[in-house]
Amino acid sequence: MDANMVIKKPPSSSSSSSSHEEIMKLKVKAAMRLVLMAVFLGSLLMWIMMPTNTYKLDWLPTIRSKTNSTYFGTEGATLLIYTFPVLFIAAVGCVFLHFGTKLNNVSNMQSNGKNHKFATWKQPALVKGPLGIVSGIELGFFIMFIALLVWSFATYLRNKFAKITPSSAAKNGEEVWQSKLDTAGLILGLVGNLCLAFLFFPVTRGSSVLPIFGLTSEGSIKYHIWLGHIVMTFFTAHGICYLVYWAFTNNISRMLHWEKTGVSNVAGELALLAGLAMWFTTFPRIRRKFFELFFYTHYLYILFMIFFILHVGFTFCTMMLPSFYLFVVDRYLRFLQSRQNVRLISARVLPGQTLELNFAKSLGLRYNPLSVVFINVPSISKLQWHPFTVTSNSNLEGDKLSVVVKGDGSWTKKLYHMLSSPTNNSLHRLEVSVEGPYGPASTDFFRFDTLVMVSGGSGITPFISIIRELMFMSNTPMNCNIPKVILISAFKNSSDLTMLDLILPISATPASSDMISKLQLQIEAFITREEEPKTDNSMPGLRAIWFKPHATDAPLSAILGPKSWLWLGMIIASSFVIFLLLTGIITRYYIYPIDHNTNNIFSTSWRAVINMLVLSFCIAMIASVAFFWNKRQNAIEAKQVQNMEQGAMGSPSSYHDMELESLPHQSLAQAINVHFGGRPDLKRMLLGCKESSIKVLASGPKRLRNEVAAICSSGSADNLHFESISFTW
């Protein structure tokens with residue numbers, strides 16, 4: 001059967017019913033999109049208006065007059081303005097993604113390859129520079145965000161400086177410039193808080209907010225880096241302004257003040273110190289050379305956030321609460337998932353300090369190509385978690401999940417030595433925990449005529465999952481466009497060519513060979529440090545290691561089951577509602593009788609502690625219920641997977657021998673062209689592709705990705721659509 005053949009079936013009542021159901025889902029999805037857009041624009045309007053006198057003197061007093069009560073006090077208005085809209089978007093977004101993910105995939109598969117919305121804007125606008133590779137859309141939003149910061153700072157400055165006069169300064173025993181310095185320090189803190197409100201969105205791996213905007217957490221790490229630098233710039237300037245102000249007004253002792261109500265200076269200083277320690281280790285040279293220092297120092301974010309909330313009080317923190325709230329939900333769910341050891345079935349040891357790890361997974365766990373998992377090996381480090389691209393495909397390998405580990409750092413080298421050393425042949429089990437997988441809600445590979453994937457070294461690993469997905473789809477009787485695939489891979493040594501063997505699953509069968517033969521696959525492999533093939537046959541091959549998992553090891557499963565988006569939406573909505581109920585009761589019957597909504601009697605810090613404890617309790621309670629409810633179903637699936645393994649494996653020795661013979665199938669070998677003694681001429685190869693729509697993916701060293709981005713954005717070819725794949729800490 002030809003790979004592009006479309007199998008047509010006569011219409012039936014069942015297909016008509018299914019079509020009607022899809023139309024209804026599309027209508028519901030469109031309605032939710034409108035609601036989400038309206039709430040988002042309304043929330044954005046409030047952020048824009050916040051520095052103005054209109055907001056401060058008109059809008060905010062009006063809202064407070066309607067929300068001020070004995071249950072929430074002045075906190076109710078800020079919860080309504082800043083916290084509720086974003087959490088509403090997150091909760092409804094979960095439902096949107098539940099309905100929309102499958103529909104998006106079907107739409108992309110049935111695309112004719114001509115529809116590329118915003119194609120020009122998605123092209124790289126910046127290639128070299130401190131921001132890295134930045135698309136036109138990213139650059140546009142970055143400029144708008146900077147404009148928002150400039151607008152906020154300038155508006156605050158203009159309005160507040162207008163109130164500072166020689167007489168007003170004299171009343172406080174200050175000169176005019178000192179009063180303005182005091183005000184400028186405050187404004188820097190306000191604008192820094194605006195940046196902090198966005199800081200945790202990119203690192204919330206399981207969030208629904210990023211997928212709504214077509215983003216993934218692993219692809220948004222650079223936004224977290226940008227925001228982190230901006231946040232710490234504003235907060236550092238904020239701290240310096242007050243140190244200078246206190247020094248010149250002979251109030252340096254105020255550094256040690258922890259006020260009962262209002263702002264606590266000591267807490268702010270402790271938060272700033274924690275932030276500076278994190279910031280110092282994030283600069284590229286330090287992060288690359290001392291990664292473990294960077295990794296462990298980043299745990300100071302806990303102290304940073306606690307002391308920040310104690311510094312300004314919980315009412316002011318409602319501005320940045322939504323992103324941190326979603327991060328805490330995600331972090332707690334990841335904590336629950338990481339407590340379970342995952343069943344590591346086997347490993348393939350490759351030359352060049354490369355490993356393939358194969359885990360058992362539940363049959364209901366589905367993921368898209370380019371997904372990522374985080375792996376922890378306690379015998380190496382109990383705290384370190386490292387991200388790896390999933391190379392397996394959930395359609396081809398229903399009960400297994402695979403990743404490739406390249407020994408580039410100290411952690412990965414220790415893992416390779418542990419599994420490859422001859423002295424460790426008696427290793428029967430490796431204790432491993434896994435978080436994830438996390439990945440795109442949908443993919444757009446089927447929208448293009450040709451898929452060109454350019455990789456350097458271990459950068460080939462994301463493309464293995466894409467090829468396996470296309471292998472599966474090329475043998476599926478669906479009306480979908482299967483693009484031609486060109487893989488351009490550069491390796492240092494010929495021994496690294498064994499990574500191409502990983503294109504076929506570990507459980508490769510003649511059917512797998514038949515699948516790849518139907519895919520239009522062309523592989524151009526370049527060996528840069530060798531002039532000709534080796535003839536001494538000394539190249540080591542693949543070596544398999546089969547483990548004997550412990551009875552308590554479980555297959556990897558989705559944290560919240562197959563309907564994870566709906567469960568996540570329930571957790572967000574329910575935990576926030578319970579948080580409001582509990583804080584309302586505590587305020588009404590404990591805080592209000594003391595403070596009477598004056599905010600001048602009850603301790604600001606103690607109120608913040610109460611809110612943080614209630615918040616943590618609500619998230620932990622609801623998330624735990626959802627997790628353990630789904631864990632029961634996961635246990636049933638785990639039993640099914642275990643029975644399948646026992647029935648299929650036979651003796652370990654027989655599987656060991658079979659794996660050692662896992663050489664490339666003839667159909668794969670025929671697709672590979674090996675070139676020695678040079679790098680690929682990427683410009684010639686990319687511009688030589690004449691199809692009308694070509695997706696170009698680049699993964700690997702920064703230099704390679706920049707080169708490919710420059711070619712695609714040069715204007716020499718309008719048919720090249722570039723995407724960079726990079727996820728590194």
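Are Phe 200 and Phe 324 buried or exposed? Phe 200 is buried, and Phe 324 is buried too; buried stands for under 20% relative accessible area, exposed for over 50%, and partly exposed for what lies in between (1.4 Å probe, protein chains only).

The model is predicted, so local features need pLDDT of at least 70 and side-chain atom pairs count only at pLDDT 80 or more, while totals for chains, interfaces and linings use all residues. Residues are numbered from 1 along each chain as its sequence is written, and side-chain values use heavy atoms, with hydrogens and water left out.

**Aromatic rings**

The structure holds 31 aromatic pairs. Rings of Phe, Tyr and Trp (its six-membered ring) pair if their centres lie within 6.5 Å; planes under 30 degrees apart count as stacked, over 60 as edge-to-face and the rest as tilted. Phe 200 and Phe 324 are edge-to-face, because their ring centres are 5.1 Å apart and their planes stand at 65 degrees. This pair links distant parts of the chain, 124 residues apart: Phe 200 is in the loop between helix 7 (176-199) and helix 8 (209-212), and Phe 324 is in helix 15 (residues 321-338). Helices (H or I, at least four residues) and strands (E, at least two) are DSSP runs, numbered from the N terminus.

Phe 295 and Tyr 296 also form an edge-to-face pair, with centres 5.6 Å apart and planes at 90 degrees. Phe 295 is buried at 8% relative accessibility, whereas Tyr 296 is partly exposed at 34%. One aromatic cluster is made up of Trp 47, Tyr 82, Phe 145, Phe 198 and Phe 201.

**Charges**

A charge sits over a ring if NZ of Lys or CZ of Arg is within 6 Å of the ring centre and within 35 degrees of the ring normal. Arg 205 has its charged end over the ring of Phe 374, 3.4 Å from the centre. Arg 632 lies over the face of Trp 629, at 4.6 Å from the ring centre.

There are 13 salt bridges, each a side-chain nitrogen of Lys or Arg within 4 Å of a carboxyl oxygen of Asp or Glu. The table gives some of them.

| Salt bridge | N to O distance |
|---|---|
| Lys 222 and Glu 138 | 3.0 Å |
| Arg 429 and Asp 553 | 2.9 Å |
| Lys 695 and Glu 723 | 2.9 Å |

Lys 695 in strand 14 (residues 694-699) and Glu 723 in strand 15 (residues 720-725) are 28 residues apart. Lys 695 is buried at 6%, and Glu 723 is partly exposed at 27%. Shared partners join the salt bridges of Arg 205, Asp 330, Arg 334 and Glu 435 into one network.
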